[in-house]
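Please consider the following protein as a whole before turning to its individual elements.

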Amino acid sequence: MFGRSRSWVGGGHGKAARSIHSLDHLKYMYHVLTKNTTVTDHNRNLLVETIRSITEILIWGDQNDSSVFDFFLEKNMFVFFLNILRQKSGRYVCVQLLQTLNILFENISHETSLYYLLSNNYVNSIIVHKFDFSDEEIMAYYISFLKTLSLKLNNHTVHFFYNEHTNDFALYTEAIKFFNHPESMVRIAVRTITLNVYKVDNQPMLHYIRDKTAVPYFSNLVWFIGSHVIELDNCVQTDEEHRNRGKLSDLVAEHLDHLHYLNDILIINCEFLNDVLTDHLLNRLFLPLYVYSLVNQDKGGERPKISLQVSLYLLSQVFLIIHYAPLVNSLAEVILNGDLSVFSSKVEQDVQENSAKSSIRCFIKPTETLERSLEINKQKGKKKVLKRPNYKNIGEEDEEERGSEDNQDDLDKAKGTEASSKGIRTCSENEEIEMVIMERCKLSELSISAVTEQNTTDEEKSAAASGSEITNWNRPFLDMVYNALDCAEDDYYALFVLCLLYAMSHNKGIDPVKLERIQLPAQHAEERNSYNHVLAEGLIRIMNYAAQPDGKIRLATLELGCLLLKQLVFSKNGSLIKDIHLACLEGAREESVHLLRRFYKGEEIFLDMFEDEYRSMTIKPMNVEYLMMDASILLPPTGTPLTGIDFVKRLPCGDVERTRRAIRVFFMLRSLSLHLRNEPETQLPLTREEDLIKTDDVLDLNNSDLIACTVITKDGGQVQRFLAVDIYQMSLVEPDVARLGWGVVKFAGLLQDMQVTGVEDDSRGLNIIIHKPASSPHSKPFPILQATFIFSDHIRCIIAKQRLAKGRIQARRMKMQRIAALLDLPVQPSTEVVMGFGHSSATTAQHLPFRFYDQSRRGSSDPTVQRSVFASVDKVPGFAVAQCINQHNPSPLSSPSPSSGSGSTGRCDSVTASSTSTPSTAQSPSVRSGRKGRRRVFSLSEADSHGGHWV
C-alpha cells in the first residue's frame, strides 16, 4: 500500500528524505495542517499527501517510538481529519481519508496506541458522518473501515464505541443499515461486523442490542431472506429450459450465505439474542413460508407460498447447516408431528391477544424500515435517559421494572401532546409482549408433548410411524413426505424428501426422541428392535424402479436411498430387516444384474467403464452437503449432458451413459445387499492394490523370461533395465546387488492401460505409454510412463512387442471373464498362454516370473506379511504354483479374498485362469504388427466369434 515513489511533502531532498519516519517529520506535518485548515482546489493534493504521511508515521511510531502518539494526542491532530471531512471537500478527499484511516487501524498493534486513537470520540464522529454512499468507492472504503474497527472490539475497547449513558452504539447501528445493500461484498462486511459485535461479552452492550435493535434488525433480515426465497422460487418456475441457471445458482448461494450467517449468530450462544432470532425465524419465515408450502400448493389466497420442490430443498439446507437445538427441534416437531392448526389462532384460546399471535406466525413485511425503527428507538432511549439515567449495571429484572415505570410515565404524558409517539411506542412494545406470550405457549406445548411421549409404548410408536392410526392423528406434512417417495414417473420430489430425511437424521441438535416417533434413527442412535416399515418399503420401491430398463431414477436418488435404508434397518446388534423386505431388495438386485447383462460386451470400452465407475464410486461417495449446494437439481430432471449437470444428478443420454448408469445401479444394489446380509465383498474391485507389484519390491527372477533394454524417458534420460511381464503387469527391474538372480522393481504398470507402437526409423525400438487409471470418465488420461525402449536387436524388439500385446489382451480377457461371472453369464474359458508362448500348462507354471523375498516395506497390518513367501502366487514361480493348484483346485474365476488366510487361494486362481485352460483355435486372438502399429483385438461376443476387428 505504501510502495510508491517518495514524492511526499518534505521527502524529496537531503536529510528530510532520510528521516521521513520520525517525530520531527510528524511535527512538520502538523505545521502543514495548521497552515491549511480550509480545503481548496490548490491544497487538496497537499492535504491528502499530508494525511498519508501522518498515517505512515503513526504506524512506524506504534512499533518504534511511543513519543509519536504522545505528540499526536497533545496536538489533538485527529480534529484536523474531522474538520477536513466536514468541509464537504469532494469524493477524492473522502476516499483518501477513509483509506488512510483503514490502513492506520489495520496496522496498529499496541493497545495503548489504539486507545490513543479511539479517545475523544472522534472515530464515532467519523462513523456517523453523512457520506455520499451512492458513490461505490466511498461505500467500499467506509464499510471496510467499519469492519476493521469491529475486528478491534473486545471487553476493553467496546466502551469507546458503546455509550451506555446515551444508549448509542454507532459502529453497530450504522453498519446494520446496509444489511440489504445491493452489493454482496457490502452485505458480507455487515455480517462480519455484527458477528464481531455479538462475540464481545459485554452485558450492557448486549442488552442494548436486544432491547433497541434486535427486533427491528431480525424482522427486516427475515423479510429480506424471504424475499430472496420468493425470487428463487419464481426463477425455478420460469426456467424449465435451464436457461437461467446462472441466476438460480447465485440465488441459492445467497440463501446458503444467509443460513450460515444465522448459524454463526446462534453458535455464539448469546441466549437472549438467540431467543429473539429463533422466534423470528420460526414464526415469520420457516413455518409460514417453508413448511406451510409443503401442503398448500394453491397459489391463491392471502399467504405467500413457494413450490414444493423449493420448500423441501430449502428445509434440507436448514437442517444441514443449522444445529441450534431449540430451533431445529421446534421445526422438526411441526414437520413430523404437526398439522395446519399451527397456523391458526385457536392454539391460544387462553391468551387474549389471539389476533396478534396469528399475525406473527405469518410471512409479512415489517411495518417500519430498519433505519426508521432504529431512529425511533434512539429517540425513546434519549427520553428515558433524561428521566432516569442509568449510572450502574442493573440486572435484567430491574430493567424490566424500570421499563414498565417509564412506560407508565410516557402514557400519562401522552394524554396531552404526544399521541403520535405513543402509537409508535405501543406498537413496538406489543411486539415484545407477543414474543413473550408465544415463547410461553411454545414451552407449554413442548411440555405436553413430552408427557404424551413418555406414556407412549413401543407398539404405539410403531403403529403411529406406519400410519395405522391416521384417523386419530392428522399429520399432513409427514404424509406429504411419504407420498413424495412414490416415484413411478420421476424422482423430482423424492430426491428432496430423501435429502430432508437424511439432514434431519444427521442433525446434532434434534432430539432423537422426536425422530423415534416415526422410527427414523438418528446418526448415533441407541439400540432398537424395530424400524419404519412404510419408509423402508418406499426406499425399496425406489430401488426397484431404478433397476428397471426405463427407470427414471437418478443415481443420486438411488445412492441416497441406499444410505438411508442402511441407517434405517441397522442397529448396534446388526441388521433388523425383515425377510420380506430383504427378498424385495434381492429382487431389485437381480433386476440390476439383468439390466447390466443387456449392456455387457466383450469390447474394451466395457471393461474400462466398469472399472472407472467402481473407482469413481469409491473415491467420491455421496456428499449430501455438496449435493444440496447445487442449484441444478431444483430444475426438472433432464437427460441431456449439454446442460453441464453432473451425470449422477440427471438422466442418462445415449447407450454409453445408459451403460454407465446400469453399472452404477449394479454396484450400489450389490453393495447394499452384501451389507444387509453381513457378507464381505470378495469379487470387487477387479484389481486390488495389495495384489499388485509395487516399486521397490524385490522379486525372484530365476528361470524368468527377461529382456534387457535401454529406457529413454521423455526428458532425455537413459537407464538400463530388464523388461518382465506378469499376469496383469509389466515391470522394469534392475539386478539386486544383495542376492544373485533377484531384482528390484523400479517401475510397474498395468498391461491393460498400455499402448505399444513401433519406432518408425529404428527397428530395435518401441514407444510405450502407460496411462494412470482415470478418476472419472471425463478426465484426460495421465501417462505415468512415456518412454522409448531400445533393445539389442530387432528380434528381441519383436518378441517384447508380442509379449506385451498378448499380455494386454490376456489381462483384459481375464477381467472380462470375472465380470461375466459376476453377472452369472456363461464363461468361455481361455488358456491363451502369455508367458510361455505355446508351452504346456506345466511348463508355463515353471516359467511364471517372480516371487517376493523382502517384505520389509509392507506394514505389519498387511495380510501378505503374515503369509509364507511362497503364498504370493502372482509372483511365485515353479512348484509353489503347482502346490497351490493341487491343494485348492479352485474355479478359474474365483476372486482374491480380502482375508489373509484365503489370499493365497485367490492368487492361485488368477494364475490358474491364465495358465491351465485351453481355448479353441477359432477363439484365440492373433496380433499382427505392421508399420503403423495396427492391432487386431478379439471380441468375446458371439457375433464376433469368427474373428476380430482392426483398431
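**Overall composition and selected details**

The secondary structure of the protein comprises 35 helices and 15 strands, where helices (H or I, at least four residues) and strands (E, at least two) are DSSP runs numbered from the N terminus. This is a predicted model, in which local features need pLDDT of at least 70 and side-chain atom pairs count only at pLDDT 80 or more, while totals for chains, interfaces and linings use all residues. Residues are numbered from 1 along each chain as its sequence is written, and side-chain values use heavy atoms, with hydrogens and water left out.

Of the 951 residues in the protein, 52% are buried; buried means under 20% relative accessible area, exposed over 50%, and partly exposed in between (1.4 Å probe, protein chains only). The accessible surface comes to about 43700 Å², and carbon and sulfur atoms contribute 50% of that area. Accessible areas come from the Shrake-Rupley method with a 1.4 Å probe, and for residues only the protein chains shown count as cover. Among contacts (heavy atoms within 4.5 Å) with a separation of 6 or more, 71% are between residues 24 or more positions apart.

Two helix pairs illustrate the packing. The axes of α3 (residues 44-64) and α4 (residues 67-74) come within 8 Å and cross at roughly 135°. This makes α3 oblique to α4. Axes are lines fitted to C-alpha atoms, for helices over the stretch in contact, and angles run from 0 to 180 degrees between N-to-C directions. Angles under 35 degrees count as roughly parallel, over 145 as roughly antiparallel, 65 to 115 as roughly perpendicular and the rest as oblique. On the α3 side, Ile54, Ile57, Leu58, Trp60, Gly61 and Asp62 meet Val68, Phe69 and Phe72 of α4. By class, this contact of α3 with α4 has seven nonpolar, one polar and one charged residues. Here Ala, Val, Leu, Ile, Met, Phe, Trp, Tyr, Cys and Pro count as nonpolar, Asp, Glu, Lys and Arg as charged, and the others, Gly among them, as polar.

The axes of α11 (residues 184-198) and α13 (residues 245-268) come within 10 Å and cross at roughly 10°, so α11 is roughly parallel to α13. Arg187, Arg191, Thr194, Leu195 and Tyr198 of α11 make the contact with Glu254, Asp257, His258, Tyr261, Asp264, Ile265 and Ile268 of α13. The residues of this contact divide into five nonpolar, two polar and five charged.

Leu634 lies in the loop between α29 (624-627) and α30 and is buried, with a relative accessible area of 0%. Beyond its neighbours within four places in sequence, Leu634 is in contact with Leu232, Val236, Leu248, Val252, Gln309, Val310, Tyr313, Tyr492 and Phe496. Leu634 and Asp233 are 401 residues apart in sequence, yet their C-alpha atoms are 9.4 Å apart in space.

Backbone geometry also deserves attention. Most residues other than glycine have a negative phi, and most peptide bonds are trans. Leu684 and Pro685 are joined by a cis peptide bond, with omega about -5°; Pro685 is in the loop between α30 (654-676) and β5 (698-700). Asn167 has a positive phi, near 50°, and lies in the loop between β1 (162-163) and β2 (168-169). At 21% relative accessibility, Asn167 counts as partly exposed.
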